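Please examine the sequence and the structure below before reading on.

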Amino acid sequence: MNRLEKLESLSIYIIREAYREFKNLCMLWSIGKDSTVLLWLARKAFFGHVPFPLVHIDTNFKIPEMIMYRDKLAMEWKLTMIVGQNKKALEEKRTFPDGKVNRIECCRLLKSEALKYTLSGEFVRYKLNLETGKYEIWENKEPFTGVIVGIRADEEGSRSKERYFSPRDKQSEWDISEQPPELWNQFKTDFAPGTHIRIHPLLDWTEIDIWEYIKKENIPVVSLYFNQGNGKRYRSLGCWPCTKPIESDSKSLDEIIFELKSGKLKNIAERSGREQDKEDGGTLETLRKEGYM
Amino acid sequence: MENENNKDRLNIVVVGHVDHGKSTIIGRLLVDTNSLPKGKLESVKKFCEKNSRPFEYAFLLDALKDEQSQGITIDIARIFFKTNKREYIIIDAPGHIEFLKNMVTGASHAEAAVLVIDANEGIQENSKRHGYLLSMIGIKNIVVVINKIDIINYDEGRFKFLKEEYNNFLSKLNILPYSYIPVCARDGDNIVFKSEKMKWYNGQTLLEVIDSFEKEIVDEKKPFRMPVQDIYKFTAHDDDRRIIAGTVESGVARIDDEVIFLPSGKKTQIKTIESFNETQQSQIIAGMSKGITLKTQFYIKRGEVVCKTSEELPCVAHTFKVNLFWMGRFPMIYGKKYKIKINTNREIVYLDKILHIINASDLTTEENKTQIERYDVAQCVLKTLKPIVFDLYIKNQKTSRFVIVDEYDISGGGIILEPIKDEKSIVDKHVEQREFIWEKSIISPQMRASRFGQSPKFIVLTGTFSEKIDEIAKNLEKDLFDIGKNVYYLGSPKLLSGLESDFTTFDREEHIRRIGELARILTDTGIIFITTIVDLDDFESELLRSLNKPNEIIIFDLENILKAKDDIFILNTNYDVDTTLYKIKNILLNKNIIMEYYI
Ligand SMILES: Nc1nc2c(ncn2[C@@H]2O[C@H](COP(=O)(O)OP(=O)(O)O)[C@@H](O)[C@H]2O)c(=O)[nH]1
């Protein structure tokens with residue numbers, strides 16, 4: 001088996017393990033390339049089906065193409081699509097684009113908090129009706145206790161310290177120093193009541209692996225990743241006020257892969273287009289401890 | 001454009017005593033192979049200047065804030081880099097004893113290891129302990145780096161001395177390192193670039209060595225082993241396939257191959273290989289996570305191992321000898337219930353006998369310990385409630401390794417050395433002891449039962465649909481009661497709300513054990529005791545049979561889950577209440593369980 005086949009196989013094993021062990025399981029789908037690969041791997045793991053809900057946190061500032069693409073795939077692949085949002089913060093205009101809070105605080109409100117309370121069932125959750133294509137309030141208020149997340153260890157410092165199965169406490173805080181051992185393919189799957197688990201099937205994947213796999217499997221990704229003729233494309237997707245496209249002519253998967261491997265992006269960090277990472281060296285670490293991915 | 005899909009990737013773990021230079025070596029590898037993101041080195045150097053600390057290569061790895069403040073590597077981290085030959089993930093494992101579980105976690109995902117020894121401090125306790133653990137985890141590719149050679153003035157004599165001393169130790173563990181390299185990590189000598197300062201050393205640099213590691217020969221040539229991870233039937237999504245999903249640990253299987261499920265022993269042939277977004281496959285090979293469908297449909301559980309009847313089969317045993325490394329917060333003790341996870345199976349396990357504790361640093365053994373303490377390496381005997389499937393470590397590493405869960409935490413890991421045959425199972429031992437101390441009444445169960453024209457019996461109904469078997473059981477109770485029998489039906493919910501109110505989560509093994517013990521008492525009073533258990537398996541029925549001894553059991557299976565026996569009857573009645581009752585009552589009559597019978 002080659003490298004991509006091996007990565008795929010381990011990820012599928014992990015996803016199946018999560019499905020087996022958690023009754024209230026969901027998968028976060030940010031619409032970006034990583035979590036879309038994750039979704040694809042779930043379809044492979046379950047032979048074309050996705051037997052748990054996909055959860056998307058809508059900050060209200062996502063690039064519109066992302067939302068269209070999300071709903072199109074959700075309909076096509078018959079996904080249980082759940083969407084959550086921090087309605088209160090949005091109503092009170094406590095956002096960076098509204099000028100009331102800084103970028104970090106905005107992320108904390110629209111992503112961390114929205115995620116936390118969407119997972120716990122305390123915020124209203126919306127479910128896509130696959131017949132009508134419309135979102136309806138989801139009656140289910142049960143908290144998700146297992147969450148599959150598409151983070152990669154190569155993304156930036158703190159992520160490289162994760163485990164495949166990573167427990168969070170009740171506050172969904174991440175205690176880095178007390179990570180449980182993971183031996184071979186035996187993960188921590190026994191928990192005291194109240195524990196929440198993040199499952200990370202993509203931990204060993206790199207950015208290039210992701211693109212090569214997208215190409216190999218012919219996975220549909222948002223067009224924003226490609227140069228549409230203006231010499232710009234997104235390398236990493238987020239909210240439009242805080243994510244800038246990079247200068248790049250890559251129009252195809254092959255061109256993106258080439259650019260990453262040998263071209264001008266070879267030694268530049270992936271999230272360099274994300275403004276919130278620049279404000280403080282430990283932002284992601286802080287956000288992560290609070291549960292944002 | 002070159003196709004890098006096939007470019008190999010190797011996981012390497014760097015281990016050794018704390019401060020011997022692991023992080024410096026990794027930092028140096030990254031810098032000298034130009035693998036750092038642009039600006040990283042400069043920003044770390046600037047950070048050091050700002051905080052008036054001397055620059056350390058180790059800081060490159062300390063991406064985490066709280067780590068930098070503590071100044072020690074607290075967890076494993078993955079670092080990516082590549083050479084012309086292949087890509088690497090370096091797993092940085094901390095050397096502190098408190099973080100041994102992280103070191104073991106890191107090493108268990110590695111295919112090669114770099115063991116670091118400080119030339120000045122020499123071989124320390126953790127240098128040896130790590131060596132020992134690497135041998136237990138099963139890493140074959142090992143290189144030993146003698147670091148800080150600058151401090152001992154690049155002295156060849158000291159290098160040779162350390163090499164010999166350490167090699168003596170490793171050879172006792174059957175580890176043969178690929179080579180020993182003298183390096184000065186701080187200056188990069190013999191890391192990526194050959195050192196000018198050690199003309200006496202003609203060997204390879206560290207980078208050359210790791211590039212020349214061979215990947216372990218794949219497990220394709222070994223007998224086929226696919227632990228069942230799950231059974232899927234997505235009927236709700238209009239999919240009628242019943243797929244046995246799993247990852248193949250070793251070997252190859254093709255469509256039409258005859259397979260056997262262990263421990264249940266059921267046999268059939270592979271009908272199809274299932275996958276998604278792929279062309280139809282005709283075989284499934286070591287490493288793949290796919291699925292199979294079977295020619296015959298029978299009841300299978302997660303944890304069983306699919307093997308081929310044409311090949312050597314694994315061991316099936318409930319008592320076995322292991323090498324165990326303990327990391328739990330609490331010691332491993334006798335009499336406590338633990339869980340063992342091996343392949344995809346999870347079973348209750350007890351510590352049966354500590355053979356000896358091995359001192360990992362000098363390999364001496366200690367015989368008379370009564371418990372296994374944190375960071376002990378023990379050779380011991382474990383006993384599971386139900387038999388488990390495994391291979392011997394020398395035959396197949398992947399299917400011989402296990403972890404032990406104490407309460408909720410993975411607390412130990414190890415490898416199985418051999419099964420111990422002809423040992424009494426946990427239940428047999430228990431029943432023997434129980435019957436020995438049981439104060440027996442003058443009136444025998446038979447005397448009690450003959451009053452009612454019946455013989456005492458423990459009747460179990462099993463099937464997949466719990467409401468249906470419950471309904472049949474209740475009707476059976478009523479019918480027998482109506483003809484004057486002394487009979488009692490107990491449904492699982494009743495048991496749960498009373499006798500099992502101590503359960504925080506449902507514990508099936510314990511549930512079955514309690515039913516068995518209860519049956520022993522109830523049948524002793526001469527009654528016919530009826531209960532239902534969903535999806536009973538062969539071992540659980542054996543468990544009930546043993547627990548109920550010396551009284552007798554009779555099991556009716558409505559789903560064809562069990563193997564038929566003298567006291568196990570398979571009823572193909574499709575859960576129809578009347579036909580099932582008719583059949584059951586006839587069997588009871590034929591077996592003289594009820595003496596007279598009017599329809
Ligand atoms: N003189 C000398 N010091 C070194 C060398 N390699 C590492 N060190 C120092 O040894 C200390 C411990 O190194 P570090 O890489 O943090 O060790 P770790 O705990 O094994 O990761 C640091 O202060 C390093 O600067 C070397 O080759 N020569």
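In which loop does A:N60 lie?

## Two asparagines with positive phi

A:N60 lies in the loop between strand 2 (54-57) and helix 3 (64-76) of chain A; helices (H or I, at least four residues) and strands (E, at least two) are DSSP runs, numbered from the N terminus. Its phi is positive, about 80°, although A:N60 is not a glycine. Most residues other than glycine have a negative phi.

B:N343 also has a positive phi, of about 50°, and is found in the loop between strand 16 (338-342) and strand 17 (345-358) of chain B. A:N60 is partly exposed at 48% relative accessibility, whereas B:N343 is buried at 8%. Buried means under 20% relative accessible area, exposed over 50%, and partly exposed in between (1.4 Å probe, protein chains only).

## Basis of the model

This is a predicted model, in which local features need pLDDT of at least 70, side-chain atom pairs count only at pLDDT 80 or more, and totals for chains, interfaces and linings use all residues. Residues are numbered from 1 along each chain as its sequence is written, chains are lettered from A and ligands numbered from 1 in the order in which they are written, and side-chain values use heavy atoms, without hydrogens and water.

## Cis peptide bonds

In chain B, the peptide bond from B:L262 to B:P263 is cis, with omega near 10°. B:P263 is located in the loop between strand 10 and strand 11 of chain B.

The bond from B:K549 to B:P550 is cis too, with omega near 5°. B:P550 belongs to the loop between helix 13 (538-547) and strand 25 (553-557) of chain B.
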